[in-house]
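Hi,

Here is the model I said I would pass on. Have a look at it first, and my notes follow below.

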Amino acid sequence: MTTATNTPDGTGTSGPAAAPAGTAPDGLLLPVPDEDGAPFWEYAARGELRIQACASESCGRLRFPPRPCCPHCGSFDGEWRRMSGRGRIWSYVRPHPPLLPAYAAQAPYNVILVELADAPRIRLAGNLVAAAGAPLNSVDPARLRIGAKVQVVFAEVGGTVVPRWLLERS
């Protein structure tokens, strides 16, 4: 697919189409940050896992997904707290067959739900991998266990840095 673009001189150009918003050039899905969640992705790009928290002195509770107002006290004051990056697998799934073509070469892969050690009520979805830049199918599915301890790593995917997870060494 190609796109045509008008240039300032009116001549126009054509070339390969950009991937749709939320999709990497290879077809993998990417986050589409909104105003409330943008800081999460900015911190991830720096290699930091941060979670939004209420900045009200009387509350201070963590909240995820990010939103403008604290669901506990109603305050609009917020801050981003750095987490240890440790957690445990709360749940997982191995999609069969892949529903999107870009994932077919990596099947079977895993999608895990991680309960953060610093915030047990907060759970993040991601993938368990053998190393930060490893493919989604780099961990033997037999190693997936509810309760397994994991540590966050960050991987660049289509120009966006995303959290991924490694099994902690015992």
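Where does Y103 lie? Y103 is in the loop between β5 (86-93) and β6 (111-116). Strands here are DSSP runs of E with at least two residues, helices are runs of H or I with at least four residues, and both are numbered from the N terminus.

Before the rest, some housekeeping. This is a predicted model, so to speak of local features pLDDT of at least 70 is needed, side-chain atom pairs count only at pLDDT 80 or more, and totals for chains, interfaces and linings use all residues. Residues are numbered from 1 along each chain as its sequence is written, and side-chain values use heavy atoms, with hydrogens and water left out.

Overall, the protein has 1 helix and 9 strands, in the order β-β-α-β-β-β-β-β-β-β along the sequence. It has 170 residues, of which 35% count as buried (under 20% relative accessible area; exposed is over 50%, partly exposed is in between; 1.4 Å probe, protein chains only). Of the contacts (heavy atoms within 4.5 Å) between residues at least 6 apart in sequence, 50% join residues at least 24 apart.

Back to Y103. Its relative accessibility is 11%, so Y103 counts as buried. Leaving out residues up to four places away in sequence, Y103 touches G27, L28, L29, P98, Y109 and L136. G27 is 76 residues away along the chain, yet the C-alpha atoms of Y103 and G27 are separated by 8.0 Å. The Y103 side chain also reaches the backbone nitrogen of L29 at 2.9 Å.

Q106 sits in the loop between β5 and β6 too. Q106 counts as buried because its relative accessibility is 15%. Beyond neighbours within four places in sequence, Q106 is in contact with L28, P135, L136 and N137.

Then there is E115, in strand β6. With a relative accessible area of 12%, E115 is buried. Its side chain makes polar contacts with the side chains of R88 at 2.7 Å and R123 at 3.4 Å. A polar contact is a pair of N or O atoms within 3.5 Å; within protein, one must be able to donate a hydrogen and the other to accept it, and residues adjacent in sequence count only if both atoms are side-chain atoms.

Cheers
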